[in-house]
Amino acid sequence: MTTTTTSRHAAPTEQDLDGFRTIQQLAYRCAETISADLKPGMTERQTAALMKAWLLDHGVDDWFHQPFAWFGDRTAFRGAVGFKQLGGFNPAFYPGLRRLEEGMPYILDCAPSMNGYTADIGYCGVIGENRILDRLMDDLLEYRELIVSLVKQRKHLSEVSQAVDRLCQRHGYDPRHKAYPFEVLAHRVEKLENDGEKSHLSLFNFGARNIRELVRDALASRKDGLSPLWSSNAASDHPPTPGLWAVEPHLGFRDVGAKWEELLVVTEDDAFWLDDDVPHVRRWRARGLLNPVKRAA
């Protein structure tokens with residue numbers, strides 16, 4: 001299958017990469033700051049509201065989606081289904097009244113925009129200790145390395161996602177990203193036109209401008225057989241298209257879920273993570289899981 005690169009699928013400039021990197025770092029800083037203040041008894045809604053307030057206080061002017069927080073077995077999305085099964089709305093995804101307890105895993109997820117640049121991040125943690133969560137978070141390193149390796153090889157996006165599914169099966173985990181809208185492993189992130197406004201329309205906590213860009217991308221790409229949504233399904237049966245992709249392998253084991261989410265940069269002939277100074281990479285490095293020689297090669 002041959003594809004063409006449109007202006008919407010051009011590799012980002014260095015200036016744009018700096019802009020995306022800045023907002024991704026801010027989003028992670030928010031997650032780490034709020035995580036440090038979490039206490040037993042706090043609800044998902046309270047936590048998401050704290051994240052939103054922190055981001056607005058630090059210059060965020062729009063959203064791909066407003067912050068989410070999931071506690072306990074909700075980190076594994078037990079019983080949750082993708083948006084396509086519910087016509088675009090699933091209450092199970094939204095922060096609820098679940099209260100945090102000692103030893104309970106949690107996931108914080110936010111997708112802020114600032115000055116036209118957008119990030120979408122996921123952050124895991126626990127108050128106290130959870131050995132299952134530790135194992136999941138350790139194993140997520142393999143998924144990060146697998147994804148970028150296969151994209152560098154120009155494997156079709158569906159093949160990459162299917163390889164992630166097989167790795168989940170080998171580890172004995174459920175691929176809980178299949179509970180996301182349209183079962184996506186990732187989605188494209190586009191630069192927004194920066195109009196200087198500080199208030200933008202949201203629908204079900206999703207920013208109208210970012211969703212509009214995603215829809216425009218889908219319509220513009222359709223004639224070339226491309227998709228801005230990356231899954232194991234036939235719509236993703238094409239080579240990686242240049243641009244930025246928010247990638248989020250989400251693992252589930254029993255009632256524990258874990259994931260990371262960050263931006264992958266794809267060019268015409270290469271792929272790399274936007275930033276290696278992110279919390280999950282720092283964690284792997286601190287635990288001695290990264291091989292410095294291999295990573296430098």
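**Notes on the predicted model**

1. Let me begin with the aromatic rings. In this predicted model, the count of aromatic pairs comes to eight. One of them joins Phe-68 and Trp-70: the ring centres are 5.6 Å apart and the planes lie at 25 degrees, so this pair is stacked, the cut-off being under 30 degrees. Phe-68 also pairs with Tyr-94, with centres 5.7 Å apart and planes at 85 degrees, so that pair is edge-to-face.

2. The Phe-68 and Tyr-94 pair links distant parts of the chain. Phe-68 belongs to strand S1 (residues 62-71), while Tyr-94 sits in the loop between S1 and strand S2 (105-114), and the two are 26 residues apart. Which rings form the cluster? Ring pairs link Phe-68, Trp-70, Phe-77, Tyr-94 and Tyr-180.

3. For Phe-68 the relative accessibility is 5%, and it counts as buried because the cut-off is under 20%. Trp-70 is buried too, with a relative accessible area of 1%.

4. Now for the chain as a whole. The protein chain has seven helices and 14 strands. Of its 297 residues, 56% are buried. Among contacts with a separation of 6 or more, 74% are between residues 24 or more positions apart.

5. Next, the helix pair H1 and H2. The axes of helix H1 (residues 14-37) and helix H2 (residues 44-57) come within 10 Å and cross at roughly 135 degrees. That angle makes H1 oblique to H2. The crossing of H1 past H2 is right-handed. On the H1 side the contacts come from Leu-26, Ala-27, Arg-29, Cys-30, Thr-33 and Ile-34, and these meet Thr-47, Leu-50, Met-51, Trp-54 and Leu-55 in H2.

6. Thr-47 deserves a look of its own. This residue is found in helix H2 and is buried, with a relative accessible area of 0%. Leaving aside residues up to four places away in sequence, Thr-47 touches Ile-34, Leu-38, Met-42, Ala-69, Phe-71 and Leu-108.

7. H3 passes H4 in a right-handed crossing. Asp-139, Glu-142, Tyr-143, Leu-146, Ile-147, Leu-150 and Val-151 supply the H3 side, meeting Val-160, Ala-163, Val-164, Leu-167, Cys-168, Arg-170 and His-171 in H4.

8. How far apart are the end C-alpha atoms of H4? They are 21 Å apart, which agrees with the 21 Å that the 15 residues of H4 (residues 157-171) should span at 1.5 Å a residue. The buried residues of H4 are Leu-157, Ser-158, Val-160, Ser-161, Ala-163, Val-164, Asp-165, Leu-167 and Cys-168.

9. Last, some backbone angles to check in your viewer. Just after H4, Gly-172 has a positive phi of about 85 degrees. Arg-154 is not a glycine, yet its phi is positive as well, at about 65 degrees. Arg-154 lies in the loop between H3 and H4 and counts as partly exposed at 26% relative accessibility.

10. Asn-115 belongs with that check. Its phi is near 55 degrees, again a positive value in a residue other than glycine. Asn-115 lies in the loop between S2 and strand S3 (117-118), and with a relative accessible area of 42% it is partly exposed.

Methods: Residues numbered from 1 in each chain as written. Predicted model: local features only at pLDDT ≥ 70, side-chain atom pairs only at ≥ 80, totals over all residues. Heavy atoms only, no water. Helix = DSSP H or I, 4+ residues; strand = E, 2+ residues; numbered from the N terminus. Expected span 1.5 Å × (residues − 1). Buried < 20%, exposed > 50% of the residue type's maximum accessible area, 1.4 Å probe, protein only. Phe/Tyr/Trp six-rings, centres within 6.5 Å; stacked < 30°, edge-to-face > 60°. Axes fitted to C-alpha atoms, helices over the stretch in contact; angles between N-to-C directions. Parallel < 35°, antiparallel > 145°, perpendicular 65-115°, else oblique. Left-handed = near helix turned anticlockwise from the far one by under 90°. Contact = heavy atoms within 4.5 Å.
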